[in-house]
Amino acid sequence: MRDGPILEVDGVDAHYGDLQALWGVSLRVDQGEVVALIGPNGAGKTTLLRAVAGLHHPSAGDIKLRGQRVETFPAHRIVTAGVVLVPEGRRLFGGMTVLENLEMGAFSHRARAERFETLRSALEIFPVLAERASQRAATLSGGQQQMLAVGRALMGLPELLLLDEPSLGLAPLVVENIFGVLREINERGVAVLLVEQNARMALELATRAYVLEQGRVVLHGSATELLEDERVQEAYLGYRGVAGVHL
Amino acid sequence: MNLEPVPQLLVFGVFVGALYGVAAVGLALVFGVMRVLNVAHGELLMIGGYASFWLFTLWRVDPFVSLLATAPILFVMGLALNGGLFSHVVRLDEETKIKNSLLIGFGLALILQNLAIQLWTADERSVTAAYSGLGLQLFGIVFPYTRLGGLAAALLGIFALHVFLQRTYVGKSIRATAEDWEAAELAGVSVRSVYLITFALGSALAGVAGTLVSVGFTIAPSIGLTWTIKALVVVVLAGLGNVFGVFAAGVLLGVAEALSVLAIGPAYREVVGLALFLVVLLLRPQGLFGAR
């Protein structure tokens, strides 16, 4: 099963009541790839991730995991199918310990059988979580919480990891650290679909990228192409040709 | 004021309070996890009481032994009620969910109450075991066996619930769902199943409480609302998130009521709980033992 897409999103519409958030969005993530999804606030990036994760069912179009249609699945069955979302704002179980949070990540039957081995490798990636194992998750620092959120997702044995703004609210050094970890996770064979405010870092990590604006995919291509693209540079990378001043 | 009866009142307060605790912990569990206030909780307790009464009357099953039957009976009833009624409201948005679950709860309470009148008449009933009326006497204080048994069973039930929630995988998934159901789904937890188990567990706890009420207290089809209100007061006193906190708040209410009999007379016994309820809501809305 080495080749072929893990995730295919085809012509997906999504609504919040009468408001349409996604308009015919299509994208693809292949085995072992890192795909970035960039765009302004309110473009529908989070909605798209939530649709894939089974938290927001699309009103039209289909979502396939390894060729199987899953757009009507509840979220926990998407987890069993090997796709795990690290939601925006981390959403840890703050009153539970670090270890319990990790345990919860392996709740699906597929992951539960192997949870002790998975735990070992997760703690290898995040040694700080081992030190804090019996601490309540709410008492961790922001960066540690993000690591726990990623660690909890890894406990579900994902083939595809969906990340929603992993750098949000974190210090630059911590962000570097998180991105290093994402690269490492990807090198272990996990595909990544990354929504990120920090477009430069996202494009440097990604192989391919999509630009979402007002609920539509307006641009896609290889990450290097997009890094060179003038529109992308102007809108998302902070290049601004204001009055001849080049940064 | 004559302070002589204080120790005896305290002891009885603790006994009654332990019952309040058990009655409340089921309500708190369902509310904390599903955000559904089951106003028919007291009626489930009433059914548990009748189950115990009939087991004793028909087959002479000791009420403490019958816990092994009444809890499972109410558990199964909880499964059915959740599947048939409450599972349809939990996914609605917050406001509609509150309204609809209250309507369902009140409707269910009326149906169960009238069903009980039809089936078992409106008479007050009570289990009178061979050891009812007997007790230990220590330092001039009476400890009736039925009440001691009730306290022991209550503590055992609370402790078992605590261990279940803290130590088992399913228990942890219930706590996770209570904190953030979406995050629980994303971890691979079927929140639907968690709600089902939680409601059934809450009902089973009502069954336990009802069984304990049937020994040494009275049951009748109409007792439901009184117990729902008691349980609600205790839950507000305690705040959510801690099984032992709910139990402690139950004991606190029991003791406060008992002492009020001496201080302001038995006529105002029921007022004490409601006054405490208001004071806590005003001064510490998160409850005495609640987080945040």
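In β2(A), Val9(A) has Leu27(A) as its bridge partner. That bridge belongs to a set of eight that join β1 (residues 5–16) of chain A to β2(A), and the two strands run antiparallel. This is a predicted model: local features need pLDDT of at least 70, side-chain atom pairs count only at pLDDT 80 or more, and totals for chains, interfaces and linings use all residues. Residues are numbered from 1 along each chain as its sequence is written, while chains are lettered from A and ligands numbered from 1 in the order in which they are written.

Now widen the view to the sheet. Four strands of chain A form an open sheet in the order β2-β1-β4-β5, with antiparallel pairing. Strands pair if DSSP finds at least two bridges between them. At the edges sit β2 (19–30) and β5 (68–69) of chain A, each pairing on one side only.

Helix α1 (residues 45–53) of chain A lies across β1, β2 and β4 (60–65), at about 115° to β1(A). Axes are lines fitted to C-alpha atoms, for helices over the stretch in contact, and angles run from 0 to 180 degrees between N-to-C directions. Contact means C-beta atoms, placed from the backbone, within 7 Å.

Next, the whole chain. Chain A holds eleven helices and ten strands. Helices (H or I, at least four residues) and strands (E, at least two) are DSSP runs, numbered from the N terminus. Among contacts between residues at least 6 apart in sequence, 68% join residues at least 24 apart. The C-alpha atoms fill a box of roughly 55 × 40 × 40 Å along the principal axes.

Technical notes: Two residues are in contact if their C-beta atoms, placed from the backbone, lie within 7 Å.
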